[in-house]
Amino acid sequence: MSPRRPAAGTPRQPRPPRPPGPRRQPPPRSRTTHSMESVLTEAVGLLDEAGEPALTFRALAARLGGGVASIYWYVSSKDELLERAADFVLEGVLDATDGFVDGDPVDDLRRTAIALFDAVADRPWLGAYFMRNTGSQPNSLRYYERVGQHVLRLGLDPLETFNAASAVVGYVIGIAADLGQQPPEEVVDGSTTRSDYLARTVAEWRELDPDEWPFLHTIVDVFADHDDSDQFQAGLDLLLAGLRLRAGRAQD
């Protein structure tokens with residue numbers, strides 16, 4: 001016997017609710033992945049091209065092909081990024097000076113100093129961030145240790161060892177940073193060349209009263225034709241000659 005249809009007007013029984021199914025989740029967003037090395041490589045590239053003002057998280061993220069937020073996986077601020085970029089460059093200086101351990105200590109110290117000078121002279125931004133924060137700059141600290149170990153071989157007492165190592169590093173960073181300063185605006189904008197600007201300075205010095213300015217008149221011809229790298233090495237040799245002399249007296 002077939003089931004009876006409900007009479008007209010009889011309310012229908014509600015259908016039981018369907019069991020809830022799994023909610024559809026949106027596909028996860030992929031995070032752009034870099035590495036600390038790639039971040040620092042591109043940061044150094046920006047700094048080399050246009051200096052510190054060019055290094056922004058937005059510009060760096062664009063070079064890396066990701067978002068700004070991805071940079072914060074590696075560094076917390078621009079200052080930390082600059083410190084780590086400087087230390088990244090110092091790794092190359094350490095590699096270049098790794099074998100300077102078996103020769104004359106002053107000669108090894110000289111070669112170690114020149115390697116740092118070359119790095120800073122090529123990158124004017126580097127001098128301001130050398131050994132700024134040894135917690136995030138282990139290579140800077142290792143370089144300072146390397147210089148100090150060369151000085152230790154001279155047999156000086158602890159105070160003289162500290163003063164000698166600091167003097168060498170300070171001289172290198174100071175001269176390199178000075179040479180790396182931005183040229184005068186008229187040279188930058190192309191109004192004049194560096195050689196013409198220097199020639200004008202020399203001409204102004206020659207016009208000074210020699211009785212009032214005897215030093216400038218003594219060196220003006222040398223200044224007119226000097227080479228910055230040669231000048232740095234000559235000053236370094238004077239510093240190291242004094243260090244060698246002091247070490248000889250300490251051993252007497």
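Mentor: Begin with a term: contact here means heavy atoms within 4.5 Å. Keep in mind that this is a predicted model.

Trainee: With that cut-off, which residues is His-150 in contact with, leaving aside its neighbours within four places in sequence?
Mentor: His-150 has its place in helix H6. With neighbours within four places in sequence left aside, a contact needs heavy atoms within 4.5 Å. The residues that His-150 contacts on those terms are Phe-100, Val-101, Pro-105, Asp-108, Leu-109 and Thr-112.

Trainee: Is His-150 buried or exposed?
Mentor: Buried means under 20% relative accessible area. The relative accessible area of His-150 is 3%, so His-150 is buried.

Trainee: How far is the C-alpha atom of His-150 from that of Ala-165?
Mentor: His-150 and Ala-165 are 15 residues apart along the chain.

Trainee: Now the whole protein: how many helices and strands does it have, and what pattern does it follow along the sequence?
Mentor: The count is eleven helices and zero strands. Read along the sequence, the pattern is therefore written with helix symbols, a helix being a DSSP run of H or I with at least four residues. That pattern is α-α-α-α-α-α-α-α-α-α-α.

Trainee: What percentage of the residues in the protein is buried?
Mentor: The protein has 252 residues. For the surface, the accessible area comes to about 16,400 Å², with 53% of it belonging to carbon and sulfur atoms. Of the residues, the buried part is 32%.

Trainee: Among contacts with a separation of 6 or more, what percentage joins residues 24 or more positions apart?
Mentor: The total here is the contacts in the protein with a separation of 6 or more. Residues 24 or more positions apart account for 64%.

Trainee: Which element gives the most residues to the largest nonpolar core?
Mentor: The core has 52 residues, and those with the most contacts inside it are Leu-60, Leu-81, Leu-116, Trp-125, Leu-126 and Tyr-143. Elements giving two or more residues to this core include helix H1 (36-50), helix H2 (57-64), helix H5 (105-122) and helix H11 (228-251). With nine residues, the element that gives the most is H5.

Trainee: How do the axes of H4 and H6 lie, in distance and crossing angle?
Mentor: Two packed helices are described by the angle between their axes and the distance between the axes. Helix H4 covers residues 78-96 and helix H6 covers residues 138-152. H4 passes H6 in a left-handed crossing. The axes come within 7 Å and cross at roughly 35°.

Trainee: How do the residues of the contact of H4 with H6 divide into nonpolar, polar and charged?
Mentor: From H4 come Asp-87, Leu-90, Glu-91, Val-93 and Leu-94, and from H6 come Pro-138, Asn-139, Ser-140, Arg-142, Tyr-143 and Arg-146. These residues divide into five nonpolar, two polar and four charged.

Trainee: What does Tyr-143 touch, not counting residues up to four places away in sequence?
Mentor: Tyr-143 is one of the H6 residues in the contact with H4. Tyr-143 is also among the residues with the most contacts inside the largest nonpolar core. The residues it touches are Leu-90, Val-93, Leu-94, Thr-112, Ala-113, Leu-116, Phe-130 and Val-169.

Trainee: Where does Thr-192 lie, and why does Thr-192 count as buried?
Mentor: Thr-192 lies in the loop between helix H8 (185-188) and helix H9 (194-206). Buried means under 20% relative accessible area. Thr-192 counts as buried because its relative accessibility is 16%.

Trainee: Which value is near 50° for phi, and in which residue?
Mentor: The residue lies in the loop between H5 and H6. At 27% relative accessibility, Met-131 counts as partly exposed. The phi near 50° is a positive value in a residue other than glycine, namely Met-131.

Trainee: How far apart in space are Leu-239 and Val-168, C-alpha to C-alpha?
Mentor: Leu-239 is in helix H11 and touches Ala-167, Val-168 and Tyr-171, not counting residues up to four places away in sequence. In sequence, Leu-239 and Val-168 are 71 residues apart. In space, C-alpha to C-alpha, the distance is 7.7 Å.

Key
Residues are numbered from 1 along each chain as its sequence is written. This is a predicted model: local features need pLDDT of at least 70, side-chain atom pairs count only at pLDDT 80 or more; totals for chains, interfaces and linings use all residues. Side-chain values use heavy atoms; hydrogens and water are left out. Axes are lines fitted to C-alpha atoms, for helices over the stretch in contact, and angles run from 0 to 180 degrees between N-to-C directions. A crossing is left-handed if the near helix is turned anticlockwise from the far one by less than a right angle, and right-handed if clockwise. Ala, Val, Leu, Ile, Met, Phe, Trp, Tyr, Cys and Pro count as nonpolar, Asp, Glu, Lys and Arg as charged, and the others, Gly among them, as polar. Buried means under 20% relative accessible area, exposed over 50%, partly exposed in between (1.4 Å probe, protein chains only). Accessible areas come from the Shrake-Rupley method with a 1.4 Å probe; for residues, only the protein chains shown count as cover. A nonpolar core is a set of buried Ala, Val, Leu, Ile, Met, Phe, Trp, Tyr and Cys residues joined through side-chain atoms within 4.5 Å.
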